[in-house]
Amino acid sequence: MKYTVGYQWQQSGAFIDEIIRNMESIYEVYFSYGQSPSGRGLGTSIAAGDEQEYINYQLADLERLSKNGINLNLLLNANCYGVNSLSSEFLMSIGDLIDDLSSRFSLSSVTTTSPVIARFIKENFPNIKTRASVNMEIGTVEGMEYLADVFDGYYYKRELNCDIESLARLKNWCDNNGKELFMLANSGCLNFCSSRQFHDNLVAHENEIAAAPDSVKFRSVCSAFLSSDKNKPNILRHLNFVRPEEIELFAPYVTAAKLATRISLNPVQILKAYVDGRFEGNVLDLLEPNHSAQIYPYIIDNSKLPNDFSDFRSKCNKRCDECLRCVKAYNNALVKLDFGGIIDANKCDD
């Protein structure tokens, strides 16, 4: 499997070093430019200070990646661009940015949620591939057909990691129509989250919201939901991640697997796990967002999950009230942390 990896600035440069070390497994590195709106919050990325200082660091990293022959994917995947959504001035600024980046680095593609941006790129930059963002939640052949004139490739919606039959139909259409298909392997988003669009809109406008003096605090629905004791045992059936040990199940269907690493506290760990095809530790630590805090002081020990965990979920009939395999897997893999080490939760009295 090849991986498309999310750029994150680190002062140590350790993440870029790890990407270059594993360049044979890297399809591309995707990034948002500066503080421009995208499909993820800025997180710790702007730790360097003001925006121009951060951009300087970012450009140096992009140069390193390009010199090592690693392709780059520009993210223009905010869920909302507000008054700029149909602005010709905004499109011209995007054109200037792509001109600059493609003249200096190995920019090969753009991922966007906007059909308008995709069309602009197709018409003005024929050498740059366009890709439909996972945030568009495309999960049917019809959804791809509607935008076939402006997109060269598609991320399919996260939930199809648990529906390989539907995924196979998408792959067949892509093969017959000269398109590429991509997956997101390690999302921590809830399946069919009814708050996803709202949350993505908040992320797109986070700078404006942060500047407002009277903004109320928003707690993500996934954090609130998974914090409930009654919902914790069902956490695995509410998520759609594919484990490193079983990622090759999806290799026949996708060009590459996206690894969400832009706001992770340990992106090196995520990349190493998927490149190595194995991981020892709390499986939630591989996800973005990471829900470890919701079940603390317990973890879900990846080595205790069934060997065919991702396989049986990919063929799931969605009759959770009859199956309970995800609940059983959770109970078997649950381990309680302790200052002296770890304790198997199934052997604890409390």
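## Helix packing and selected loop residues

Reader: Between which two helices is the loop that holds serine 220?
Author: Helices (H or I, at least four residues) and strands (E, at least two) are DSSP runs, numbered from the N terminus. By this assignment, serine 220 is found in the loop between helix 8 (206-211) and helix 9 (221-227).

Reader: What kind of model is this, and what pLDDT do local features need?
Author: Residues are numbered from 1 along each chain as its sequence is written, and side-chain values use heavy atoms, with hydrogens and water left out. This is a predicted model: totals for chains, interfaces and linings use all residues, side-chain atom pairs count only at pLDDT 80 or more, and local features need pLDDT of at least 70.

Reader: Is serine 220 buried or exposed?
Author: Buried means under 20% relative accessible area, exposed over 50%, and partly exposed in between (1.4 Å probe, protein chains only). The relative accessible area of serine 220 is 13%, so this residue is buried.

Reader: With which side chain does the side chain of serine 220 make a polar contact?
Author: A polar contact is a pair of N or O atoms within 3.5 Å; within protein, one must be able to donate a hydrogen and the other to accept it, and residues adjacent in sequence count only if both atoms are side-chain atoms. At 2.9 Å, the partner of the serine 220 side chain is that of serine 223.

Reader: How is asparagine 161 placed, and what is its relative accessibility?
Author: Asparagine 161 lies in the loop between strand 6 (153-155) and helix 6 (164-177). The residue counts as buried because its relative accessibility is 2%.

Reader: Which backbone oxygen lies 3.0 Å from a polar atom of the asparagine 161 side chain?
Author: Contact means heavy atoms within 4.5 Å; leaving aside neighbours within four places in sequence, asparagine 161 is in contact with Tyr156, Met183, Leu184, Asn240, Val242, Phe250 and Ser314. Its side chain makes a polar contact of 2.7 Å with the side chain of tyrosine 156. The backbone oxygen at 3.0 Å belongs to leucine 184.

Reader: At what angle do helix 1 and helix 11 cross, and how is their relative orientation described?
Author: Two packed helices are described by the angle between their axes and the distance between the axes. Axes are lines fitted to C-alpha atoms, for helices over the stretch in contact, and angles run from 0 to 180 degrees between N-to-C directions. The axes of helix 1 (residues 14-21) and helix 11 (residues 267-276) come within 9 Å and cross at roughly 15 degrees. Angles under 35 degrees count as roughly parallel, over 145 as roughly antiparallel, 65 to 115 as roughly perpendicular and the rest as oblique, so helix 1 is, relative to helix 11, roughly parallel.

Reader: How far apart are the C-alpha atoms of alanine 14 and proline 267?
Author: Alanine 14 is found in helix 1 and counts as partly exposed at 30% relative accessibility. Alanine 14 and proline 267 are 253 residues apart along the chain, and their C-alpha atoms are separated by 9.5 Å.

Reader: Is the crossing of helix 3 and helix 4 left-handed or right-handed?
Author: Helix 3 (residues 88-104) and helix 4 (residues 115-124) pack at about 50 degrees with their axes 11 Å apart, and they are therefore oblique to each other. A crossing is left-handed if the near helix is turned anticlockwise from the far one by less than a right angle, and right-handed if clockwise. The crossing of helix 3 and helix 4 is right-handed.

Reader: Which proline is joined to glutamate 288 by a cis peptide bond?
Author: The omega of this bond is about 0 degrees. The proline concerned lies in the loop between helix 11 and helix 12 (292-295); the residue is proline 289.

Reader: What is the phi of phenylalanine 192?
Author: Phenylalanine 192 lies in the loop between strand 7 (180-184) and helix 7 (196-204) and counts as exposed at 58% relative accessibility. Although the residue is not a glycine, its phi is positive, at about 50 degrees.
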